[in-house]
Amino acid sequence: MSEKEFDKALSAFTKDFANGGAVRHMADQGLTVKEIREKLDYPMSESSVGEMVWKHFINSGVILTEEPGSSPAEKVSYIRELDEFGRASFRRVSEPVAPPEEGYYECDFGLLMRRDRDAFEKMLDKLDVSDRDYISGLPWPRARVWHIMNERMKRISLRLSEEK
């Protein structure tokens, strides 16, 4: 492992140790990346917070990178087990996850952002400040993704479908 790779891994570990739990908790509460960053005790850049929230949303099924239903979703956890000599080991446990009743909203924000920045900004102008910060704070990939249809995405989808 080179020194550069080590520094990168150490930095990621430090950020996750210092803020990971708080960032995931606040993201689950519906806060935007900007709001999360302002509430952190240990300073992080907005892009680092956005990456951390994005990874959490991917791992928790809030955002899917493949079309819903195309591959079975599963929740992975690890169980600590002790053998007869008291040595600890971890066993990976996978359990299937039922798709949410709300469904998913198809998001092309990353594609639009990179293809036509003016159209992306025009689209964001239809949203209120909090929803605009939510969309602009996440590092949307240059691909279609699916976001769980929670209250925020219902509101965003309604606003985007309205003609101005």
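Which residues does Trp54 touch, not counting residues up to four places away in sequence? In this predicted model, where local features need pLDDT of at least 70, side-chain atom pairs count only at pLDDT 80 or more, and totals for chains, interfaces and linings use all residues, Trp54 touches Ile63, Leu138, Pro139, Trp140, Pro141 and Val145. Contact here means heavy atoms within 4.5 Å. Residues are numbered from 1 along each chain as its sequence is written, and side-chain values use heavy atoms, with hydrogens and water left out.

The protein holds 7 helices and 5 strands. Helices (H or I, at least four residues) and strands (E, at least two) are DSSP runs, numbered from the N terminus. Read from the N terminus on, the elements follow the order α-α-α-β-β-β-β-α-α-α-β-α. Along the principal axes, the C-alpha atoms fill a box of roughly 70 × 40 × 30 Å. Of the 164 residues, 29% are buried; buried means under 20% relative accessible area, exposed over 50%, and partly exposed in between, with a 1.4 Å probe and protein chains only. Among contacts between residues at least 6 apart in sequence, 58% join residues at least 24 apart.

Helix α1 has 26 residues, and its first and last C-alpha atoms are 35 Å apart, close to the 38 Å expected at 1.5 Å a residue. The expected span of a helix is 1.5 Å times one less than its number of residues. A bend of about 60° occurs in α1 at Asn19, the bend at a residue being the angle between axes fitted to the seven residues ending there and the seven starting there. Asn19 is also among the buried residues of α1, together with Gly20, Val23, Met26 and Ala27. The cover over these buried residues includes α2 and α3. Just after α1, Gly30 has a positive phi of about 100°.

Helix α3 (residues 46-60) has 15 residues and reaches 21 Å from its first C-alpha to its last, close to the 21 Å expected. Its buried residues are Ser48, Val49, Gly50, Met52, Val53, Trp54, His56 and Phe57. Elements covering them include α1 (3-28), α2 (33-39), β1 (63-64), α6 (129-137) and β5 (145-148). Trp54, located in α3, is buried with a relative accessible area of 10%. Between Trp54 and Ile36 there are 13 Å in space, C-alpha to C-alpha, and the two are 18 residues apart in sequence. After α3 comes Gly61, with a positive phi near 85°.

The largest nonpolar core comprises 33 residues, and those with the most contacts inside it are Ile36, Val53, Phe109, Ile135 and Trp140. A nonpolar core is a set of buried Ala, Val, Leu, Ile, Met, Phe, Trp, Tyr and Cys residues joined through side-chain atoms within 4.5 Å. The element that gives the most to this core is α3, with 5 residues. Leaving aside neighbours within four places in sequence, Phe109 is in contact with Phe120, Met123, Ile135, Trp140, Met153, Ile156 and Leu160.

Helices α5 (residues 117-125) and α6 pack at an angle of about 145°, with their axes 9 Å apart. Axes are lines fitted to C-alpha atoms, for helices over the stretch in contact, and angles run from 0 to 180 degrees between N-to-C directions. Phe120, Glu121, Leu124 and Asp125 of α5 make the contact with Arg132, Ile135 and Ser136 of α6. These residues divide into 3 nonpolar, 1 polar and 3 charged. Within α6, Asp131, Tyr134, Ile135 and Gly137 are buried, and their cover includes α2, α3, α4 (109-115), α5, β5 and α7 (151-161).

His147, in strand β5, is buried, with a relative accessible area of 0%. Beyond its neighbours within four places in sequence, His147 is in contact with Val62, Ile63, Gly103, Tyr104, Tyr105, Cys107, Tyr134, Trp140 and Met153. Val76 lies in strand β2 (residues 74-82) and counts as partly exposed at 34% relative accessibility. Leaving aside neighbours within four places in sequence, Val76 is in contact with Arg92, Val93 and Ser94. Val76 and Pro141 are 65 residues apart in sequence and 24 Å apart in space, C-alpha to C-alpha.

Conventions: Ala, Val, Leu, Ile, Met, Phe, Trp, Tyr, Cys and Pro count as nonpolar, Asp, Glu, Lys and Arg as charged, and the others, Gly among them, as polar.
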